[in-house]
Amino acid sequence: MSGNSFSRFFNRFFPVPAFWAMPSFGLDISDESLKFIQLINTKRGIRVGKYGERSIPPGVIESGKIKNLKKVEEILLALKKEEGIKSVRVSLPEEQVYLYKLRLEKLGLEHIRESIELTLEEHIPIRASDAIFDYELLAEDKQSLEIQVAAIPKNVIESYLAIFQDAQIKVQSFELEAQAIARAVVKKGDLETYMIVDFGEKRTGIFIMSRGVVMFTSTLDVGGVTLNDTIAKSFKISFGEAEKMKKKYGLLRNTPNKELFPVLLNSVSILRDDIVKHFLYWHTHKDEEGKNNPTIKKIILCGGDSNLIGLPDYLSVSMKNPVEMADVWVNIIDTKSYIPSIDFKQALSFSAALGLALRDFSDN
């Protein structure tokens with residue numbers, strides 16, 4: 001998303017006083033974990049400061065909704081004490097965000113936000129009074145405006161704001177997780193169309209970015225844990241042993257256990273089929289104005305479980321489209337002159353947190 005609208009998502013509702021504007025941590029919250037990273041401006045360029053991860057117990061957050069405010073607050077208070085975190089930029093759960101495109105005729109148009117509010121209930125399954133929204137201008141001509149709208153239930157954003165206020169941690173901004181990831185993995189100024197696949201521990205996010213704006217998001221209940229469970233059940237081994245086997249061999253055909261490849265392929269093909277479904281839908285369905293969507297140039301993989309050996313090649317060959325691993329440092333540092341303390345594979349799981357932290361620099 002470009003740096004002038006969605007990247008300030010909800011800031012107009014929760015503005016940050018100027019004296020609070022300080023270097024912040026990118027904080028990526030999911031159902032399973034909380035990842036944080038700090039970027040520091042130095043004379044030699046941007047450098048990586050503190051980073052880490054904290055587990056979130058099952059049931060505390062479900063599908064992006066906070067079920068146990070007290071427990072999340074405890075985790076944040078511990079993080080503040082241990083890491084000195086005072087200011088953060090926070091990702092919002094994709095499962096709770098609604099995106100849609102809208103064309104507004106200029107004739108008689110006085111207030112864009114009021115006009116959008118009148119259309120909300122036509123596009124999202126909640127009342128306009130129960131939603132918070134923002135928008136991005138995509139295109140404009142003499143007659144009309146083309147905009148992309150993002151909306152989220154008000155109670156979701158208020159619950160996230162409440163836990164940070166109670167923990168006395170200042171929130172610089174809330175932002176769509178997909179947009180934060182895109183800021184980290186797509187080179188600044190690149191307006192081509194990409195599909196980004198965030199293959200995580202328990203879920204996979206699929207995002208399509210075009211013209212610098214996230215146009216589509218979807219969340220699948222398939223992740224690295226799915227693969228571990230499949231291996232563990234098939235070979236009657238522990239979950240830990242299954243994970244080691246997955247990481248060591250991945251989708252290699254020639255392994256000591258010849259049955260691993262077909263077992264793993266069975267689960268990975270489910271992910272592939274969902275990616276293909278969204279890929280084809282994007283290319284075969286026209287937008288609300290009857291126009292074709294721009295062609296997806298390539299698929300970019302990120303997320304902790306995108307490190308699966310052979311995954312990019314398998315997806316590229318089976319989909320007949322370019323697939324590559326994300327470079328999360330493309331807009332941050334030159335890895336030829338500086339090697340971050342966090343290694344490449346681990347950094348793939350911090351793509352959202354890095355994109356959030358990068359806001360401190362991209363907005364300047």
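A: The chain carries 48 positive and 49 negative side chains. Lys and Arg count as positive, Asp and Glu as negative; His and the chain ends are not counted. The centres of the two sets lie 5 Å apart, with each charge placed at NZ of Lys, CZ of Arg, CG of Asp or CD of Glu.

This is a predicted model: local features need pLDDT of at least 70, side-chain atom pairs count only at pLDDT 80 or more, and totals for chains, interfaces and linings use all residues. Residues are numbered from 1 along each chain as its sequence is written, and side-chain values use heavy atoms, leaving out hydrogens and water.

The chain has 10 helices and 15 strands. These are DSSP runs numbered from the N terminus: helices are H or I of at least four residues, strands E of at least two. The C-alpha trace spans about 70 × 50 × 45 Å along its principal axes. Of the 364 residues, 53% count as buried, meaning under 20% relative accessible area with a 1.4 Å probe, protein chains only.

Now the strand: β14, residues 298-302. Four of its five residues are buried, so β14 is largely enclosed by the rest of the structure. Strand β11 (residues 194-199) runs parallel to β14, joined by five bridges. Strands pair if DSSP finds at least two bridges between them. Ile196 has Ile300 of β14 as its bridge partner. Strand β15 (residues 323-325) also runs parallel to β14, through three bridges. There, Leu301 has Met325 of β15 as its bridge partner.

Technical notes. Buried < 20%, exposed > 50% of the residue type's maximum accessible area, 1.4 Å probe, protein only.
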